[in-house]
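Please look over the sequence and the model shown here, and then follow the briefing topic by topic.

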Amino acid sequence: MIDRLIELSLRNRFLVVALWIGVAGWGFWAMLRAPIDAIPDLSDNQVIVFTDWPGRSPQEVEDQVTYPLTVNLQGLPGVKVVRSSSAFGFSMIFVIFEDNVDLYFARTRVLERLNLVTKQLPAGVIPTLGPDATGVGHVFWYTVEGGNLNLRDLRSLQDWYVRYQLNSVPGVAEVASVGGTVQQYRLILTQSLRSYGLPLSTIVRAVIASNSNVGGNVVSQNGSWSIVRGLGLIESLDDIRNIVVASHTELPCM
């Protein structure tokens, strides 16, 4: 058998050389096209759904949020398995698809189903999709440091400037901020409010109502339009101090 193969190769030298050149060219093309990863991504083809419901126990989250979402997401095309977990005020669902399903096609199907299932969830509960990246893609850590800046200023610099610049880099799916102190305003209430008959709900409504911009109307005068708006966004501590919580007018005695 080997003698006949050698004899056939010697008689058809041109075909053997052409076949060798073809195989070598195909191998060189495959080498250039084959994706090379330092750490191969062996994770599942999955879409993560996050849902926040603050102040609720894990059992309530499981019954009213996790279970309805899990049942409705199981019927999507290409879904292999749906895994879920419920914690205090938080729900996480992993929708795992078949390996041949495109990730963005899977995210689109999950998003369409979430738009329908949201009506079955409690009021104010809105599920959101996780980033279109896996844990293997977490490849870069950095720190923001400054000589005269405190932790609050460094976190604000990261959230409002550095993060947006890195998000615009091609291939970056998400930039997560960890550490520092998030800038916020805190209202510390005293017991003296009870003497005025002001419950906590009144304070909350007053702060919410004073931290918004409202649109008015258009005033037409001399052929020009003037837009009337109400600007009320809180920008400083003085804006909070000037919030009117309640007012009482006493009629004079006759």
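This is a predicted model: local features need pLDDT of at least 70, side-chain atom pairs count only at pLDDT 80 or more; totals for chains, interfaces and linings use all residues.

In this model, helix H3 passes helix H4 in a right-handed crossing. The contact between the two helices is made by Pro-68, Leu-69, Asn-72 and Leu-73 on the side of H3, and by Val-110, Arg-113, Leu-114 and Val-117 on the side of H4.

- The axes of H3 and H4 lie 10 Å apart, and the two helices pack at an angle of about 130°.
- Because angles over 145 degrees would count as roughly antiparallel and those from 65 to 115 as roughly perpendicular, H3 and H4 are described as oblique to each other.

**The four-stranded sheet**

- Four strands form an open sheet in the order S2-S3-S1-S4, and their pairing is antiparallel.
- Strand S2 and strand S4, which spans residues 128-129, stand at the edges with a single partner strand each, so one side of each has no neighbour in the sheet.
- H3 packs on this sheet and touches S1, S2 and S3, while its direction makes about 170° with that of S2.
- H4 lies across S1, S3 and S4, and runs at about 30° to S1.
- S1 and S3 pair in the antiparallel sense over seven bridges, and one of the pairs across these strands is Val-47 with its bridge partner Val-95 in S3.
- S2 and S3 also run antiparallel, joined by eight bridges; across this pairing Val-81 stands opposite Ile-96, and Val-82 stands opposite Val-95.
- The hairpin of S2 and S3 has two residues between the strands, and Gly-89 takes a positive phi near 70° there.

**The largest nonpolar core**

- Which residues touch the most other members of the largest nonpolar core? Among its 20 residues, these are Leu-69, Leu-73, Ile-93, Val-95, Phe-97 and Val-110.
- The elements that give two or more residues to this core are strand S1 (46-52), helix H3 (58-73), strand S2 (79-87), strand S3 (90-97) and helix H4 (103-117).
- Strand S3 is mostly covered, with six of its eight residues buried.
- When neighbours within four places in sequence are left aside, Val-95 is in contact with Asn-45, Gln-46, Val-47, Leu-73, Val-79, Val-81, Val-82 and Val-110.

**Leu-103 in helix H4**

- Leu-103 lies in helix H4, and with a relative accessible area of 25% this residue is partly exposed, because buried would require a value under 20%.
- Leaving aside neighbours within four places in sequence, Leu-103 is in contact with Asn-45, Gln-46, Val-47 and Asp-132.
- Leu-103 and Asp-132 are 29 residues apart in sequence, and their C-alpha atoms are 7.9 Å apart in space.

- Apart from neighbours within four places in sequence, Gln-158 is in contact with Tyr-142, Val-144, Arg-163, Val-175 and Ser-177.
- Thr-181 is found in the loop between H5 and helix H6 (200-209), and this residue is partly exposed, with a relative accessible area of 40%.
- With neighbours within four places in sequence again left aside, Thr-181 is in contact with Leu-151, Arg-152 and Arg-155.
- From C-alpha to C-alpha, Thr-181 and Glu-7 are 80 Å apart in space, and the two residues are 174 residues apart in sequence.

- How many of the eight residues of strand S5 (residues 214-221) are buried? The number is zero, so S5 lies largely in the open.
- S5 pairs with strand S6 (residues 224-230) in the antiparallel sense over six bridges, and Gly-215 stands opposite Arg-229 in S6.
- S5 and S6 form a hairpin with two residues between them, and Asn-222 in the turn has a positive phi of about 55°.

Key. Residues are numbered from 1 along each chain as its sequence is written. Side-chain values use heavy atoms; hydrogens and water are left out. Contact means heavy atoms within 4.5 Å. A nonpolar core is a set of buried Ala, Val, Leu, Ile, Met, Phe, Trp, Tyr and Cys residues joined through side-chain atoms within 4.5 Å. Buried means under 20% relative accessible area, exposed over 50%, partly exposed in between (1.4 Å probe, protein chains only). Two strands pair if DSSP finds at least two bridges between them. Axes are lines fitted to C-alpha atoms, for helices over the stretch in contact, and angles run from 0 to 180 degrees between N-to-C directions. Angles under 35 degrees count as roughly parallel, over 145 as roughly antiparallel, 65 to 115 as roughly perpendicular and the rest as oblique. A crossing is left-handed if the near helix is turned anticlockwise from the far one by less than a right angle, and right-handed if clockwise.
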